[in-house]
Amino acid sequence: EYFVEFEDGSSDSYMANIIAESIYSQVDDEGKDHLLVEELIDHCKTDAALSLQDCWVASKNGDQKIRKTTKGWMFLIRWRDGRSNWILLK
């Protein structure tokens with residue numbers, strides 16, 4: 001029997017097999033977990049984001065094209081499990 005304390009401060013006792021079942025139910029066959037997005041809450045850019053002046057690049061024929069990149073941008077994500085965190089795009 002194990003004493004488990006949850007993030008909200010509540011606690012309870014559980015047997016090892018119940019804890020193991022809970023862990024295994026949260027991962028796939030390779031042991032990886034998958035977080036599902038509930039909502040995109042906010043976004044922002046860091047100093048690493050390209051400015052409007054720096055986002056243009058010359059193509060092979062000399063034409064100016066906009067460089068497509070997500071570098072320096074961040075999203076605030078709310079996950080289906082209720083947690084939220086900032087994700088830096090690359």
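Two residues are said to be in contact when heavy atoms of theirs lie within 4.5 Å. This definition comes in handy below, where single residues are followed through the fold. The structure is a predicted model, in which local features need a pLDDT of at least 70 and side-chain atom pairs count only at pLDDT 80 or more, while totals for chains, interfaces and linings use all residues. Residues are numbered from 1 along each chain as its sequence is written, and side-chain values rest on heavy atoms, with hydrogens and water left out.

Read from the N terminus on, the order of the elements is β-β-α-β-β-β-β-β. The C-alpha trace spans about 70 × 30 × 20 Å along its principal axes. The radius of gyration of the chain is 22 Å, whereas a compact globule of 90 residues would come out near 12 Å; this radius is taken over C-alpha atoms, and the globule rule is 2.2 Å times the number of residues to the power 0.38.

Next comes the surface. Of the 90 residues, 8% count as buried, a label given to residues under 20% relative accessible area, with exposed meaning over 50% and partly exposed in between (1.4 Å probe, protein chains only). The chain carries 11 positive and 17 negative side chains, and the centres of these two sets are 19 Å apart. Lys and Arg count as positive and Asp and Glu as negative, without His and the chain ends; each charge is placed at NZ of Lys, CZ of Arg, CG of Asp or CD of Glu.

Phe3 sits in strand β1 (residues 2-5) and is exposed, with a relative accessibility of 62%. Beyond residues up to four places away in sequence, Phe3 touches Ser11, Asp12 and Ser13. Ser13 belongs to strand β2 (residues 11-14) and is partly exposed at 34%. With neighbours within four places set aside, Ser13 is in contact with Glu1, Tyr2 and Phe3. Ser13 and Tyr2 are eleven residues apart along the chain, yet their C-alpha atoms are separated by 5.4 Å.

Further along, strand β6 (residues 73-79) includes Phe75, which is partly exposed with a relative accessible area of 30%. Leaving out neighbours within four places in sequence, Phe75 is in contact with Leu40, Asp42, His43, Asn85, Trp86, Ile87 and Leu89. For the chain, 38% of the contacts between residues at least 6 apart in sequence join residues at least 24 apart.

Finally, the cysteines. A disulfide is a pair of cysteine sulfur atoms within 2.5 Å, and by this rule the count is zero. Cys44 is in no disulfide, and the nearest cysteine sulfur, that of Cys55, is 18 Å away. Cys44 counts as partly exposed because its relative accessibility is 28%, and Cys55 counts as buried because its value is 8%.

Methods. Helix = DSSP H or I, 4+ residues; strand = E, 2+ residues; numbered from the N terminus.
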